[in-house]
Amino acid sequence: MMACLLEAPLRISVLSEVTATSRHYVDRLFDPDPQNVLQGVIDMKNAVIGNNKQKANLIVLGAVPRLLYLLQQSSSSLELRTECAVVLGSLAMGTENNIKSLVDCHIIPALLQGLLCSDLIFIEACLRCLRTVFISPVTPVQLLYTDPTVIPHLMSLLSRSRHTKEYITQIFAHCCKTPEHQTVLFNHSAIQNIAPLLISPSDKVRMQALKCFSVLAYENTQVSMTLVNVLVDGEQLSQVFVRMMQRDKPIEMQLTAAKCLTYMCRAGAIRTDDNCIILKTLPCLVRMCSKERLLEERVEGAETLAYLMEPDVELQRIASFTDHLVSMLADYFKYPSSVSAITDIKRLDHDLKHAHELRQAAFKLYASLGSNDEDIRKKITETENMMDRIVSGLSESSIKVRLAAVRCLHSLSRSVQQLRTSFHDHAVWKPLMKLLQNAPDEVLVMASSTLCNLLLEFSPSKEPILDSGVIELLCSLTQSDSPALRVNGIWALMNMAFQADQKVKVEIVRALGTEQLFRLLSDPDTNVLMKTLGLLRNLLSTRPHIDQIMSSHGKQIMQAVTLILEGEHSIEVKEQTLCILANIADGNTAKELIMTNDDMLQKIKYYMGHSNVKLQLAATFCISNLIWNEEDGSQERQDKLKDMGFVDILHKLTQASDPNLCDRAKTAMQQYLA
Amino acid sequence: MSGPSSGCGFLMSVVVHGDLALNEQEKDLNQRLRRLYPAVNEEETPLPRSWSPKDKFSYIGLSQNNLRVHYKGHGKTPKDAASVRATHPIPAACGVYYFEVKIISKGRDGYVKYMGIGLSAQGVNMNRLPGWDKHSYGYHGDDGHSFCSSGTGQPYGPTFTTGDVIGCCVNLINNTCFYTKNGHSLGIAFTDLPPNLYPTVGLQTPGEVVDANFGQHPFVFDIEDYMREWRTKIQAQIDRFPIGEREGEWQAMIQKMVASYLVHHSYCATAEVFAKSTDQAVHEELASIKNRQKIQKLVLSGRMGEAIETTQQLYPSLLELNPDLLFMLKVRQFIEMVNGTDSEVRCLGGRSPKSQDSYPGSPRLFNSPVHKASSSQTYQTGFDSNYCNGVSSSKGHTLAHSHKSCPRTMPSPELGVLNGSRGQQTNVGAEVEMEVDHFSNGVSESSSNGFLNGSSTHGIDLEECDGDMEVDSAQSKRQLCGGSQAAIERMIQFGRELQSMSEHLRRERGKNSANKKMLKDAFSLLAYSDPWISPVGYQLDSIRREPVCSTLNSAILETHNLPKQPPLALAVGQAAQCLSLMARTGSGSCAFASVDDYLH
């Protein structure tokens, strides 16, 4: 009521245009004689059917609160209440503004209340109106779940008639949008109640029931696991879905059934090598991508297919040769086509609206197809203008397209061959760098991850990227709140430092700053820590570099190493740290930082006797570097270490069962013999 | 030492078992082919069932009922390539055709595994792989390329090797072809295919072995699902066929066709009501329709003597001018005498002929001679099911069943009212009402014919049942001429007359093999102690009255310069004919447009 009153200014402005007849209809709702009121509502019903202007007029004139009042009054006759519900349902069929007005007048609780009535005809009228309101995008779906008694009551009404089945399943299918909604419906036996409707004689009921299952099963393991065990008329649910995918069934039904099976498969309820996936769902989804289908269907088909095969290389291989899928997807980029612009504006408008969606769906599917198999990646990059399309996709205005394009690029960047060829030829690093300047986190994660691959040593794009000031950018990523971005930032730096020039290394250390470097060494995310150690290791390679860096940052690095070796860390982390130490031991002057640190030498001794062979190896390697003969002062170091008992340990290790460790120890011992 | 003998026994049993398995496979094959390609008339266009031992290059060896192909050449150069074609080309009436080839062995190591699966026209060189020449198409295993009448291939699909099952599907509606690998469709390979292609396989490596499946086993790929899609497409095309601006014309034409059909088969009451409600003129006098109706009913109830007499009265010159027709009627009369149904023998048998007609059914819906055997067979089934309310009572073995169903039909008095006072509004009402009952009995047919005339049919049914019950209760089993000695004598005498008539005819008009056979078949009935269960007993079936009835009706109409076939039947016949013509000229869509689907 309150909300309706708020619209008063609007009412005045439009009032002049409102015809007298509209006002007359509303006036009759206030007639003292109930019989006249009923006739008035019936006349109103006939007047508004298919007449959007009339609907808007009546809403402006305040018919809705009065109709709701009459509908809720227990003194109203059942006939009147039913007719009121019918008229309200008719008003809801109009524009989105109509729906907004109805929702603002609290039509939903009123109609839900009406469902408690025992009369089926009235219930059906209320449900029909509720259905129309709930399937509108402007209605908050949460309104269905505010009152906890509503869902169980709807479940109990479900089987009352063909119409209750259709409307209620349609409401569920539209209002199940979150895992919480799924759980509420699941806990109220939605599966058991809706499953029998899949074999209903009514096409509409079957279709809505099927949609319910697709929204219930989406990314929901509990629902999916339950679904595989459901029998409908003695038949497994998955087989019912398979039948719904037959090629003579309506496209919407085929597509929705394929979604159900896809979600069940992704939840682990159906194996990916099950015939119903490999021979039915996958080909059905490929068919949905064909040119014969509507643009919306092609988008949904491609997205679902991408999701289905994402984790399974065998499905990716099959899809890659099914019905020319890879080249079929190239067509997704041809909207709006030059033809549509010429033929008619309506078509152009339609194409434009779907063009973004089509492009992002195609990128997603390419990304999924190419995520594992080198041959498929090659096939994708060889598709007409593929790299150009990705490049332009990276700078599209739509975030969805940009994200999908970078996902696709990321998937293809796992190929050494593509990095060496097409990626370089098309200078994909340029738009990628641009994308990294200013993008939402999800795009940044993908883009930086792709950049990691582009910075691999063998990638010809590495040089131009370095020249474009990427180091500052990556360093700033390491300061992100998102662990994924921190990992990618430091990872990219690590790749960049691998066998890099002195200049680059110095620049990395400078840009990152030792403070940040040590912050990363205490990062709560193990991945970040590992990559940071990897970076350090890459920085500390080749003797002059080691000495140079250690001379300026030796103290802090030794501190950090000590800290990690003393802390609670995984074997991998400690191994990596010992490797860094071994690198330091390889330096000319840097060695002294270890030799003069008895505490550190004790630590190395400890790890040489560790139960883990990897750690023993790394520690032995370190000692081996320290006692290496050809270098200045090797005699003193050998003596000192001998005094500390290292020779005995080395001797013991020459008897080790691990051949690598044994060899390493023998090599070290030889330094003493020479 | 029972070893050798038991070994021998074992071998024998294997052979026998093999034969059995073979028959089983044969049965499976026939069943599957019928299900997949129901529109194919195999007498005209046989389906491929195996590779042809006559249509292959010498380097090809066949085994396992000509389903297994192996290579026995040198396999050194492309000159050693060898192919084999199937026994028959793919008939267009398949609509969608499919076969699979399983790679049993990819051949000896050290060779490139050239192997092609595809299609070729008759006469294409067999010393080549499919795809290399004009009118030849292939998908090759070594590189996964498709070859479209050319020595250079196009990238098409994955490679294939031992254990893979490669399928080849020809769509004869849009003349395209796609392949499958292990049940997965690879997409269109060829377009604009010519007609009459043969399944073909080509090998070029020593040791290569492949097995074909032309329907002997279930296919790996779900071809039936693909066919469903095309059936739906074709049917939607038919349903949405544009009639444009001529919508009114269309309706008028259909009404005219229905009216003429009713008139043709002398459903006078219905015809008149229909004409009235659709504002049409009836092009034949009512009296004339009634006359034809009367004669038809006599023929259909087996009372041929009366039928001939009535025809002679009403249309004096008709039979004189058509001695062959008269002869046919007389032969039928002879058969009815054997049956004990002809009026002449009925009198002698002590049963006065009923004044009421006793033929149960309406004339067959469409008995135009245009129909092929296969299609009219289906009509017959439809017709038979019309009979579930007692019409089949003339067949002895279903008698008991028929009696049971009789009481469910309408009582006979209604019929009199209906037929007697046609055209009056009240009776139209009565008819409709009866129609409703008729439906609630659950025995109705949904054809418009059944709807409009079903009611009168039912009335007569009861009559027929009564008659048969009488016969049955009096005599424990069917007897010649109703069991009366006098009737038998009359029948034999009539037979002699018939014989002399036949001789007379031959003298006058020369030999007529149809007449001769007709007479011979009829006389053969007497050679059996129980003619009803004899090999020629089918003649006694009341269904056999229908062609006679329809021929006579057409002859009468022709003398009045009216078409001897109703336009409706003509249209149906034309549609059926059109479909078989489409099959012959290579339009595959005929596979999914059966006329029967539209006649219920």
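The legends below describe several views of a predicted model with chains A and B.

Residues are numbered from 1 along each chain as its sequence is written, and chains are lettered from A, with ligands numbered from 1, in the order in which they are written. Because the model is predicted, local features need pLDDT of at least 70 and side-chain atom pairs count only at pLDDT 80 or more, whereas totals for chains, interfaces and linings use all residues; side-chain values use heavy atoms, with hydrogens and water left out.

**View 1. Chain A as a whole, a chain with 45 helices and two strands.**
Helices (H or I, at least four residues) and strands (E, at least two) are DSSP runs numbered from the N terminus. Among the contacts in chain A with a separation of 6 or more, 67% come from residues 24 or more positions apart, contact being defined as heavy atoms within 4.5 Å. Chain A exposes about 29200 Å², of which carbon and sulfur atoms supply 52%; accessible areas come from the Shrake-Rupley method with a 1.4 Å probe, and for residues only the protein chains shown count as cover.

**View 2. The two spans of chain A that carry the UniProt annotation "repeat: ARM".**
The annotation comes from an unreviewed entry and covers residues 62–98 and 512–554 of chain A; UniProt positions are given in the numbering used here, feature names are shortened, and annotations may be inferred rather than shown by experiment. Residues 62–98 are 76% helix and 0% strand, with the end C-alpha atoms 12 Å apart. Over residues 512–554 the chain is 81% helix and 0% strand, and the end C-alpha atoms lie 16 Å apart.

**View 3. Lys45(A) in helix H4 (residues 34–48) of chain A.**
Not counting residues up to four places away in sequence, Lys45(A) touches Glu83(A), Val86(A) and Val87(A).

**View 4. Glu219(A) and Val228(A), a loop residue and a residue of helix H16.**
Glu219(A) sits in the loop between helix H15 (203–217) and helix H16 (221–228) of chain A, has a positive phi of about 50° although it is not a glycine, and counts as exposed because its relative accessibility is 54%. Val228(A), in helix H16, counts as partly exposed at 21% relative accessibility. Leaving aside neighbours within four places in sequence, Val228(A) is in contact with Gln236(A), Met264(A), Ala269(A) and Ile270(A). From Val228(A) to Pro283(A), 55 residues apart in sequence, the C-alpha distance is 21 Å.

**View 5. The loop between helix H21 (313–321) and helix H22 (325–330) of chain A, with Thr322(A).**
Thr322(A) is buried, with a relative accessible area of 1%. Its contacts, leaving aside neighbours within four places in sequence, are with Leu282(A) and Val286(A) in chain A and with His184(B) and Ser185(B) in chain B. Asp323(A) is found in the loop between H21 and H22 as well, and its phi is near 45°, a positive value in a residue other than glycine.

**View 6. Chain B, with 18 helices and 14 strands, and the span annotated "domain: CTLH".**
Buried residues make up 48% of the 600 residues in chain B, and the accessible surface comes to about 28600 Å², of which 55% belongs to carbon and sulfur atoms. The UniProt annotation, from an unreviewed entry, covers residues 288–345 of chain B; this span is 83% helix and 0% strand, and its end C-alpha atoms lie 29 Å apart.

**View 7. Leu540(B) in the loop between helix H16 (513–524) and helix H17 (545–559) of chain B.**
Leu540(B) is buried, with a relative accessible area of 5%. Not counting residues up to four places away in sequence, Leu540(B) touches Arg332(B), Ile335(B), Val338(B), Asn339(B), Leu525(B), Pro531(B) and Trp532(B). Leu540(B) and Ala522(B), 18 residues apart in sequence, are 9.3 Å apart from C-alpha to C-alpha.

Definitions and conventions:
Buried < 20%, exposed > 50% of the residue type's maximum accessible area, 1.4 Å probe, protein only.
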